[in-house]
Amino acid sequence: MRDKAGLRRARRVGIGAVVVLALAGMNGPWLYRFATERYHQYRINEPGYKAANGHWEIVEFPEEYRQNTIHAVLLHTGKVLLVAGSGNNQKNFDAKKFDSRIWDPVKGTIKKVPTPNDLFCTGHTQLSDGKILIAGGTKRYEKLKGDVTKAGGLMIVHNENPDKPITLPAGTRFTGKANGKTFVSKDPVLVPRAKKNFDKKTGKFLGNTPGLGRIYVEAERSGPKYATGTEDNYRVEGLTGVDARNTYGIAQKLALDKKDFQGIRDAYEFDPVAEKYIKVDPMHEARWYPTLTTLSDGRILSVSGLDDIGQLVPGKNEIFDPKSKKWTYTEKTRQFPTYPALFLLQNGKIFYSGSNAGYGPADVGRDPGIWDVETNAFTKIPGLSDATMMETSATVMLPPAQDERFLVIGGGGVGESKLSSKKTRLVDLKEKNPRFTDGPSLEKGTRYPQASILPDDTVLVSGGSEDYRGRSDSNILQARLYDPATNTFRRVADPLVGRNYHAGSILLPDGRVMFFGSDSLFGDKANTKPGTFEQRIEIYTPPYLYRDSRPSLSGGPQTIARGTSGTFTSQHAATIEKVRLIRPSSTTHVTDVDQRSIALDFRTSGDKITVTMPKNRNLVQSGWYMLFVVDDQGTPSKAQWVKVP
């Protein structure tokens with residue numbers, strides 16, 4: 001029967017194309033472009049095309065609800081938290097205009113949420129009770145070299161006194177002993193007491209190791225003559241007696257160089273039911289661009305970021321306890337670039353893929369490997385191709401999560417490099433000696449690819465740009481489905497909106513995928529016009545939702561403990577081939593370490609489906625999940641929300 005109906009459809013398309021092209025030829029290039037676009041719209045809206053390639057649509061909020069969305073988190077209410085903070089807009093920052101929105105993709109409603117601080121470039125993750133932990137953000141915007149009027153930089157304050165720490169208030173003045181120039185601190189600093197050192201065998205006193213404090217200082221006056229070119233020792237003004245003898249500063253050059261963003265220590269829990277931020281204890285370290293990752297016991301690891309003086313946090317990682325709401329340092333340090341991709345493995349260790357989103361030295365913390373947080377041991381994994389182009393790459397834990405296979409997609413050179421990678425890389429961590437191998441190549445070098453796991457075990461990979469922040473009009477309007485079973489890409493419908501820096505994607509409970517953000521540096525190919533932030537949401541409906549029907553799923557328990565079972569109802573139980581438990585996304589800056597899809601064992605009887613939760617708490621972390629059933633055609637149900645205690 002394809003026959004005739006198929007031939008009729010093909011004939012209609014063919015005739016339509018001939019008519020369009022004939023009209024275009026008679027009426028010149030303008031009509032040609034118009035006719036071609038009309039034909040394109042006709043083509044992508046055909047039922048057959050949608051069933052094969054899916055479909056994109058744009059959601060545009062009313063003007064008063066639009067914002068520069070930087071972060072997005074799927075809540076267990078089915079709504080999406082969209083966080084802008086100041087939205088990479090210094091005017092908003094200066095005016096203390098910080099924004100968040102709650103969007104309901106089913107009802108189409110949008111709501112403003114009071115935002116307590118500048119959560120631009122914060123870190124976030126799902127907590128076991130369904131709240132969202134949000135930590136860090138922006139204290140100061142960067143200043144480019146030509147915009148810096150006062151020389152400044154890092155002052156290391158030394159305390160030689162082993163008997164007591166010392167606190168220096170904001171506004172403390174430091175005067176160079178050799179250069180005679182005075183610099184003023186912008187914040188208070190606590191400098192710990194010195195450590196006494198003794199020979200372990202003889203007990204002989206060997207001297208003190210000074211306590212160190214780090215603080216940002218600026219020259220008292222503007223102008224290049226107040227800058228310094230070399231290291232100097234600095235006297236701390238206003239101290240007397242023992243404090244004056246034991247306390248001093250040392251700084252490298254204090255110059256008019258570019259000043260990077262500075263982070264904040266503040267942390268919050270977002271309550272999805274009350275739809276409000278709740279302040280918790282601040283971190284010990286200020287962080288801008290940190291990654292938050294759930295550990296084996298449900299506590300949250302906070303890693304990397306730029307600190308309150310705009311420097312990479314020097315490997316001082318810390319852990320949040322959701323019960324006490326307190327932060328504690330890890331015993332040992334380990335440094336990573338900002339927004340590192342860190343995933344909890346079934347053995348309780350952390351996999352670092354090498355993906356990251358920006359700041360940090362090119363030769364520190366870039367090697368992928370497996371990290372034991374407790375012992376600080378780090379085992380490197382070899383074989384990574386394009387290893388110098390891992391910034392702005394995406395990493396996905398391939399479904400099902402039990403396999404512990406990861407896909408690393410694209411990436412670019414360190415900093416504002418024009419280099420970008422076409423590579424995808426695969427690693428199987430269950431192998432005895434895991435190493436990276438290349439997967440299928442992308443058509444173009446791709447920075448900032450968005451990647452979302454779908455319930456049918458494919459991965460939607462879309463967007464990105466060939467150059468840094470979409471420079472030179474380099475956005476990539478392409479989308480592909482990656483199949484882990486065959487290790488292949490399949491091109492699907494092209495997105496309508498370019499997405500690069502500050503963009504992301506999230507799987508919704510109905511099986512569609514939402515896309516947000518994009519922050520192009522320029523708005524034209526010649527790089528002469530400033531870019532504009534993309535405020536529109538775009539929804540991709542995968543091909544599996546254009547089939548005749550989808551399996552139903554209802555009833556069942558809202559809570560299923562690890563190692564136990566729960567029974568749900570489906571009129572299509574006999575057709576179900578797989579059950580997937582998908583952790584909701586929390587995504588920003590091509591970093592989404594929350595998303596994972598777990599295969600559940602199941603059995604059917606009549607219209608009942610009984611699913612069994614795995615026992616491993618590192619595989620199935622406590623929290624809320626979307627439960628999908630998928631039929632023999634690869635079509636998923638709508639998700640049921642299930643909590644794992």
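Ala, Val, Leu, Ile, Met, Phe, Trp, Tyr, Cys and Pro are counted here as nonpolar, Asp, Glu, Lys and Arg as charged, and the others, Gly among them, as polar. By these classes, the lining of the second largest pocket holds 12 nonpolar, 3 polar and 9 charged residues.

The structure is a predicted model, in which local features need a pLDDT of at least 70 and side-chain atom pairs count only at pLDDT 80 or more, while totals for chains, interfaces and linings use all residues. Residues are numbered from 1 along each chain as its sequence is written, and side-chain values use heavy atoms, with hydrogens and water left out. The pLDDT is the predictor's confidence in each residue, from 0 to 100. Its average over the chain is 94, and 95% of the residues score at least 70. Over residues 1–24 the pLDDT is below 50, and this stretch has 14 contacts (heavy atoms within 4.5 Å) beyond near neighbours in sequence.

Rolling a probe the size of a water molecule over the atoms shows where empty space is left. On a 1 Å grid over the protein atoms alone, a cavity is a set of points where a 1.4 Å probe fits but cannot get out, whereas a pocket is an open set with protein on both sides within 12 Å along at least five of seven lines; lining residues have an atom within 4 Å of a point. Grid points are joined across faces, edges and corners, and a volume is the space filled by probe spheres set on the points. The second largest pocket contains about 760 Å³ of space. It is lined by 24 residues, of which Leu 190, Arg 214, His 284, Glu 285 and Lys 316 are the closest to its centre. Strands (E, at least two residues) and helices (H or I, at least four) are DSSP runs numbered from the N terminus. At least two lining residues come from each of strand S13 (189–191) and strand S16 (211–219). S16 gives the most, with 4 residues.

Thr 294 belongs to strand S22 (residues 291–294). Thr 294 has a relative accessible area of 6% and is therefore buried (under 20% relative accessible area; exposed is over 50%, partly exposed in between, with a 1.4 Å probe and protein chains only). Its side chain makes a polar contact of 3.2 Å with the side chain of Arg 583. Such a contact is a pair of N or O atoms within 3.5 Å; within protein, one must be able to donate a hydrogen and the other to accept it, and residues adjacent in sequence count only if both atoms are side-chain atoms. Beyond four places in sequence, the residues in contact with Thr 294 include Thr 125, Gln 126 and Gln 621.

Ser 585 lies in the loop between strand S42 (576–582) and strand S43 (586–587). This serine is buried, at 4% relative accessibility. Its side chain makes a polar contact with that of Asp 592 (2.7 Å). Among the other residues that Ser 585 touches, not counting those up to four places away in sequence, are Ala 72, Gln 126 and Ile 506.

Some backbone features were also found in loops. A cis peptide bond, with omega about -10°, joins Pro 399 and Pro 400. Pro 400 is placed between strand S30 (394–397) and strand S31 (405–409). Tyr 448, a residue other than glycine, has a positive phi near 60°. Tyr 448 is in the loop between strand S33 (437–438) and strand S34 (450–453), and is buried at 4% relative accessibility. Ser 518 has a positive phi near 150° and is buried, with a relative accessible area of 2%.
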